[in-house]
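Please read this report beside the sequence and the model.

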Amino acid sequence: MTATAVKSAEEFATLINSGKTVFVDFWATWCGPCRMISPVFEQFSSQLTDSGAEFYKVDVDELPDVAQEWGIRAMPTFVAFKNGQKTGDLVGANPNGLQSLIVKQLTE
């Protein structure tokens, strides 16, 4: 499974309130670091299909209200959610940091 693009604020709200652990990559098409780390996020998405976690991408230019609601000020920003609550985040294109965020969320 690859990370799925979120197309609306309503869809985003439904996804983060699903009861599952949800990882979201807030990114932009013009963001060089976003393009660099995107394959890493996709790789985790593919490797962790049995974890019960879901992986999504939000283009901040397509859904600026969602990005603003969650205080996204820099791209890329990765946010973990469970039951509609933010449970962790990482700002920047840091593969090791992203792995740590994902592992921590899946083992708590």
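The sections below go from the whole chain to single residues.

## Basis of the model

This is a predicted model, in which local features need pLDDT of at least 70 and side-chain atom pairs count only at pLDDT 80 or more, while totals for chains, interfaces and linings use all residues. Residues are numbered from 1 along each chain as its sequence is written, and side-chain values use heavy atoms, with hydrogens and water left out.

## Fold and dimensions

The protein has four helices and five strands. Both kinds of element are DSSP runs numbered from the N terminus: helices are H or I of at least four residues, and strands are E of at least two. Read from the N terminus, the order is β-α-β-α-β-α-β-β-α.

Along the principal axes, the C-alpha atoms fill a box of roughly 30 × 30 × 20 Å.

Contacts (heavy atoms within 4.5 Å) were sorted by sequence separation. Among those between residues at least 6 apart in sequence, 70% join residues at least 24 apart.

## Burial, surface and charge

Of the 108 residues, 44% count as buried. Buried means under 20% relative accessible area, exposed over 50%, and partly exposed in between, with a 1.4 Å probe and protein chains only.

The accessible surface comes to about 5,700 Å², and carbon and sulfur atoms hold 50% of it. Areas come from the Shrake-Rupley method with a 1.4 Å probe, and for residues only the protein chains shown count as cover. The protein has 8 positive and 13 negative charges, whose mean positions are 5 Å apart. Lys and Arg count as positive and Asp and Glu as negative, without His and the chain ends; the places used are NZ of Lys, CZ of Arg, CG of Asp and CD of Glu.

## Backbone features

The peptide bond from Met75 to Pro76 is cis, with omega near -5 degrees. Pro76 sits in the loop between α3 (64–69) and β4 (77–82).

Asn83 is a residue other than glycine with a positive phi, near 55 degrees. Its place is the loop between β4 and β5 (85–91).

## The disulfide

One disulfide is found in a search of the whole structure, taking a pair of cysteine sulfur atoms within 2.5 Å as the criterion. The bond joins Cys31 to Cys34, with an S to S distance of 2.3 Å. The torsion about the S-S bond of Cys31 and Cys34 is about 80 degrees, so the disulfide is right-handed. Cys31 and Cys34 are both buried.
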